[in-house]
Amino acid sequence: MLTLDKIYHASYVLKDVIRPTHLVKAPAIKDDCEIYLKPENLQITGSFKVRGSGYKISQLTDEEKKHGVIACSAGNHAQGVALAATKYGIKSIICLPDGAPISKVEATKGYGAEVCMVPGVYDDAYNEAIRLRDEKNYTFIHPFDDENVIAGQGTIGIEIMNDMPDVDAVVCAVGGGGLISGVAYAIKSLNPNIKVYGVQADGAPSMYESLKHGSPVHLDSVSTIADGIQVKEPGELTYELTEKYVDDIVTVSDDEIASAILELIETQKMIAEGAGAAPLAAVMFDKLPIKGKKVVCVVSGGNIDVTILSRVIKRGLLMSGRQQTLCIELQDKPGQLVAVSNIIAERGANVISIHHERASEGMDVNGCYLRIVLETRNYKHVREISTALTDAGFKLV
């Protein structure tokens, strides 16, 4: 049974395993509330997951340790299990969905695990891990639906309270629910007045839908850039704890998550993966009632695949009005391009690329299109440029 004593015990056991991650004030992110970050993206293995797996493995019997452990994961839990198992001299096998980022796969191998790639998503990897557990008598380390794993994740709640006893709200990403269950249980046990909010991706709202339904639901499909919280069904135990201790669950879009990743890079010099940036996205886009409050966002992980980081940054630029494409219908005559360039230059935008296309079917025979990609400050800046162009007689398509 999960208790506060167990979470404190986990905190003691993990002192030799984890890295301290003290709160970081982030004043540049929002001006109507006080934002602090709990930077678990700087944790050893780059994620909070090492807490739960580390504590779970430390509590295994000698017989269980002898047989070895098996786990399934989209990546972060895998690395935590691999690291903890290697630390205790235990064999570890990790089942990973075949879509997991290469960086996470290689990191898992680097921590000493044997990796088994499984076609599909997390739930498919889970089914294969259970099959191998039964066949080989391994001990299964569940990524979220386990008391000891939840207790390990709950140490984050203890640390937040130690660093900031007067916090008003704590915001966590939610996939299977292990992180928010542990954090909410710890915080509510110490101070039930503190709000705890969960955040899921629009494309994987399993806990959100479960709470609406009144019991755990299984989603037919999930899709989000936040692969760490791309889970079809929450756990039974995590659902019960979330329903009891979490104040609300909200969802954010992939574009909002991309904007939050970009915000962390630019203002905090901090790299977060999609799941890690989801709580910040909820704060940035006013999904939570936190105006005037002191809020901690748990940046749960930083293991983003560098091959998709540039795409995520581009989406973040588009979402925040930092990059804009304008298509302008012109008369094909001298001086048109100069006039457009002058308007853009006078308003301080930067031209990234330009494409000129002559008349096509359905257009004036003397017409042409000018497609310009601009670097802008924000949406207000984009509107200012668009208005200036239309006021000058140009037609935006």
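The model on your screen is a predicted one.

**Stop 1: helix 4**

At 1.5 Å a residue, its twelve residues should span 16 Å, and the end C-alpha atoms are 17 Å apart, which agrees. Now colour Asn-76, His-77, Ala-78, Gln-79, Gly-80, Val-81, Ala-82, Leu-83, Ala-84 and Ala-85, the buried residues of this helix. Ten of the twelve residues are buried, so helix 4 is largely enclosed by the rest of the structure. What do the buried residues of helix 4 pack against? Show helix 2 (49-58), strand 3 (69-72), strand 4 (92-97) and helix 5 (102-110) to see these partners.

**Stop 2: the cavity**

Rolling a probe the size of a water molecule over the atoms shows where empty space is left. Here the structure holds one cavity of 30 Å³ or more. The volume of the largest cavity is about 330 Å³. To find the largest cavity, select Phe-48, Lys-49, Gly-176, Gly-228 and Ile-229, which lie nearest its centre among the 30 residues of its lining. Which helix gives the most to the lining of the largest cavity? Helix 8 does, with three residues. Sorted by class, the lining of the largest cavity has twelve nonpolar, 14 polar and four charged residues.

**Stop 3: aromatic pairs**

The count of aromatic pairs comes to two. For one of them, select Tyr-126 and Phe-140: the ring centres are 5.6 Å apart and the planes stand at 75°, so the pair is edge-to-face, as planes over 60 degrees apart are counted. Tyr-126 belongs to helix 6 (residues 122-136) and Phe-140 to strand 6 (residues 139-140), so far as the chain goes a link between distant parts, 14 residues apart. Tyr-126 counts as partly exposed at 27% relative accessibility, whereas Phe-140, at 12%, counts as buried.

Then select Tyr-185 and Tyr-245, whose ring centres are 5.2 Å apart with planes at 75°, so this pair is edge-to-face. Tyr-185 lies in helix 8 and Tyr-245 in helix 10 (residues 236-245), so the pair ties together parts that are 60 residues apart in sequence. Are these two tyrosines buried or exposed? Tyr-185 is buried, with a relative accessible area of 12%, and Tyr-245 counts as buried at 17%.

**Stop 4**

The largest pocket has a volume of about 400 Å³. Select Gly-99, Pro-101, Thr-224, Ile-225 and Asp-227, the closest to its centre of the 24 residues that line it. Helix 5 and helix 13 (306-319) are the elements that give two or more residues to this lining, and helix 13 has the largest share, four residues. By class, the lining of the largest pocket has twelve nonpolar, six polar and six charged residues.

The second largest pocket holds about 240 Å³ of space. Its lining includes Ser-11, Lys-15, His-22, Lys-38 and Asp-163. Helix 7 (residues 147-163) gives the most to this lining, with four residues.

**Stop 5: His-381**

Finish at His-381, in helix 15 (residues 379-391). His-381 is buried, with a relative accessible area of 1%. Leaving aside neighbours within four places in sequence, show Arg-347, Gly-348, Ala-349 and Thr-376, which are in contact with His-381.

How values were computed. Residues are numbered from 1 along each chain as its sequence is written. This is a predicted model: local features need pLDDT of at least 70, side-chain atom pairs count only at pLDDT 80 or more; totals for chains, interfaces and linings use all residues. Side-chain values use heavy atoms; hydrogens and water are left out. On a 1 Å grid over the protein atoms alone, a cavity is a set of points where a 1.4 Å probe fits but cannot get out, and a pocket is an open set with protein on both sides within 12 Å along at least five of seven lines; lining residues have an atom within 4 Å of a point. Grid points are joined across faces, edges and corners, and a volume is the space filled by probe spheres set on the points. Ala, Val, Leu, Ile, Met, Phe, Trp, Tyr, Cys and Pro count as nonpolar, Asp, Glu, Lys and Arg as charged, and the others, Gly among them, as polar. Rings of Phe, Tyr and Trp (its six-membered ring) pair if their centres lie within 6.5 Å; planes under 30 degrees apart count as stacked, over 60 as edge-to-face and the rest as tilted. Buried means under 20% relative accessible area, exposed over 50%, partly exposed in between (1.4 Å probe, protein chains only). The expected span of a helix is 1.5 Å times one less than its number of residues. Contact means heavy atoms within 4.5 Å.
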